[in-house]
Amino acid sequence: MDYSQFFTMWQEIGLLIVFLLVFFYDTFAPKRALGALGTLTCIFFAALTVLGFCPCLAADTSVFGGMYQTSDAIVTIKNILNIGTLIVLIQSVTWANSEFTRIRRGEFYELILLTLFGMYLMISAGHFLVFVIGLETASLPLAALVAFEKNKYESHEAAVKYVLTAVFSSAIFLMGLSIVYGLAGSLSYSEIAASLISTGNSIGLIVALGFVIAGIGFKLSLVPFHLWTADVYQGAPTSVTSYLSVISKGSAAFAFMVVLQQAFGEAYPQVWEWMLYAVIATITIGNLFAIRQRNLKRFLAFSSVSQAGYIMLGVIGNNELSTTALMFYILVYIFSNLAAFGVIGAVENATGKVSMDDYNGLYKTNPRLAVTMMLAMFSLAGIPPFAGFFSKFFIFTGALGAGTPAMYVLVFIALLNTIVSLYYYLLVVKAMFINESDAPIATFRSSCSERLGMWISTAGILFLGLVSCVYDYILQSVA
């Protein structure tokens with residue numbers, strides 16, 4: 001065995017080094033020094049994130065018999081996920097050091113890093129065995145994170161629902177893989193694709209693809225596999241919810257695209273219409289249910305369901321432009337959603353309030369938080385010149401590259417849904433700037449880490465909306 005192949009996994013190795021540094025510091029550092037654990041974790045992880053952009057480390061190669069693969073695009077999507085994870089880590093420092101959480105803060109950071117390691121494997125998998133290992137490595141620690149606040153009943157309930165959902169979705173996914181293995185005789189992406197070329201499509205293959213799409217659909221919260229999302233998002237700690245909403249969803253979407261393109265590309269024309277119907281339902285139902293929500297975490301849960309539908313347009317497009325648009329959309333979604341969750345987390349840590357009605361008159365007492373939330377809502381709604389407008393523009397353009405009449409209909413329906421989403425995002429803005437309140441949230445000063453996370457997110461929303469070099473950088477990595 002050529003052990004030099006492991007150096008191809010430099011991002012995974014770097015992440016494991018960060019994990020070990022955090023673990024050893026948490027285990028052996030004196031108790032009085034543990035308060036710095038969150039700051040040190042952010043510094044270590046920031047170093048890994050910066051290292052990821054070093055051009056000399058990018059490579060287009062496949063090792064371990066094709067089980068692990070990497071390319072410029074894969075390195076880029078991992079860097080995007082690193083940026084989002086870093087913001088989550090920064091925003092969670094205050095919560096992790098709180099009275100009820102500080103005794104387990106080491107476990108929080110370690111579980112976050114473990115889940116990210118699993119997502120790395122999912123993205124780089126060239127074999128379904130590696131994909132499943134990555135999927136479970138990402139899912140099981142997330143269940144522990146959802147149940148992290150042991151003194152809250154809602155956290156327990158959310159964890160049970162998440163575990164049951166993960167179990168059933170994994171079972172459905174593995175059922176599909178067993179059928180694929182029976183038809184192709186292999187779980188390698190390349191060998192499955194070669195088998196499809198030689199044998200053609202069959203009813204068994206279509207059934208297997210249905211199971212595979214359903215299994216991953218649970219992870220992405222695609223309708224009708226989305227019912228767990230709102231309860232889990234509401235019950236989980238806000239820092240965990242923000243991680244679930246952007247990092248987990250972004251990694252699953254990209255991995256899903258790789259699976260469909262590399263393993264089932266020959267069967268793609270026969271299955272994309274299934275996905276088409278799911279995307280229409282996901283965008284529409286997510287928007288309609290978001291209108292009814294008053295709890296902001298449930299509100300953003302159904303918003304994320306709708307956003308997952310938009311992300312899937314990049315998968316359906318199945319071309320270079322749509323792949324670039326998908327990655328750019330994930331990056332913009334990270335900044336926009338984490339800006340919103342940053343405000344929610346700061347308000348919740350200070351007052352314990354998470355209802356939209358509690359935000360009435362927020363601009364008068366905490367204008368900076370209100371402006372940050374407003375920018376996040378404008379970006380999520382796709383209002384120019386903020387980044388969300390361009391992410392939707394590129395995702396629609398990439399989807400239209402398929403050139404089919406049905407795709408034009410889908411994009412038209414998605415455009416109509418942006419009007420609905422604009423309405424409910426503006427409800428939050430209306431509450432903060434227009435609605436009056438007899439007992440508004442009192443003026444308070446958020447912590448340095450919370451402010452830093454919101455500053456980074458806000459800067460990302462503005463920068464990506466005004467500067468095109470980021471999109472060009474992603475396009476070059478895909479080309």
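Author: A charge sits over a ring if NZ of Lys or CZ of Arg is within 6 Å of the ring centre and within 35 degrees of the ring normal. This is a predicted model, where local features need pLDDT of at least 70 and side-chain atom pairs count only at pLDDT 80 or more, while totals for chains, interfaces and linings use all residues. Residues are numbered from 1 along each chain as its sequence is written, and side-chain values use heavy atoms, leaving out hydrogens and water.

Reader: What makes Lys78 count as lying over the face of Tyr120?

Author: Lys78 is 5.2 Å from the ring centre of Tyr120, and the limit is 6 Å, so the distance passes. Arg104 lies over the face of Phe148 too, at 5.2 Å from the ring centre.

Reader: Lys78 also pairs with Glu12. Why is that called a salt bridge?

Author: The rule wants a side-chain nitrogen of Lys or Arg within 4 Å of a carboxyl oxygen of Asp or Glu. Lys78 and Glu12 come in at 2.6 Å, N to O, so they qualify. The two are 66 residues apart, with Lys78 in helix α3 (residues 72-91) and Glu12 in helix α1. Both are buried (under 20% relative accessible area; over 50% is exposed, and in between is partly exposed, with a 1.4 Å probe and protein chains only). By the rule, the model has 6 salt bridges.

Reader: What makes Asp231 and Lys161 a link between parts of the chain?

Author: Their closest N and O atoms are 2.7 Å apart, which makes a salt bridge. Asp231 sits in helix α10 (residues 229-235) and Lys161 in helix α7 (residues 153-184), so parts 70 residues apart in sequence get tied together. Asp231 has a relative accessible area of 26%, so it's partly exposed, and Lys161 is partly exposed at 26% as well. Asp231 also bridges to Arg298, at 2.8 Å between the closest N and O atoms. That pair joins helix α10 to helix α13 across 67 residues.

Reader: Why is Arg298 called buried?

Author: Its relative accessible area is 19%, and the cut-off is under 20%, so Arg298 is buried. Arg298 belongs to a salt-bridge network with Glu157, Lys161 and Asp231.

Reader: How many aromatic pairs are there, and what makes Phe299 and Tyr425 edge-to-face?

Author: The count is 26. The ring centres of Phe299 and Tyr425 are 6.1 Å apart and the planes stand at 85 degrees, so the pair is edge-to-face. The two sit 126 residues apart, in helix α13 (residues 296-317) and helix α18 (residues 405-433). For the cut-offs: rings of Phe, Tyr and Trp (its six-membered ring) pair if their centres lie within 6.5 Å, and planes under 30 degrees apart are stacked, over 60 edge-to-face, the rest tilted. Phe299 is buried at 1%, and Tyr425 is buried at 1%. Phe389 and Phe390 are edge-to-face as well, with centres 5.1 Å apart and planes at 80 degrees. Phe389 is partly exposed at 30%, and Phe390 is partly exposed at 26%. Ring pairs also link Phe19, Phe23, Phe24 and Phe28 into a cluster.

Reader: How do you know that Thr372 is buried?

Author: Thr372 shows 11% relative accessibility, so it falls under the 20% line. It lies in helix α16 (residues 367-381). Leaving out residues up to four places away in sequence, Thr372 touches Ala339, Val343, Met454 and Thr458, where contact means heavy atoms within 4.5 Å.

Definitions and conventions:
Helices (H or I, at least four residues) and strands (E, at least two) are DSSP runs, numbered from the N terminus.
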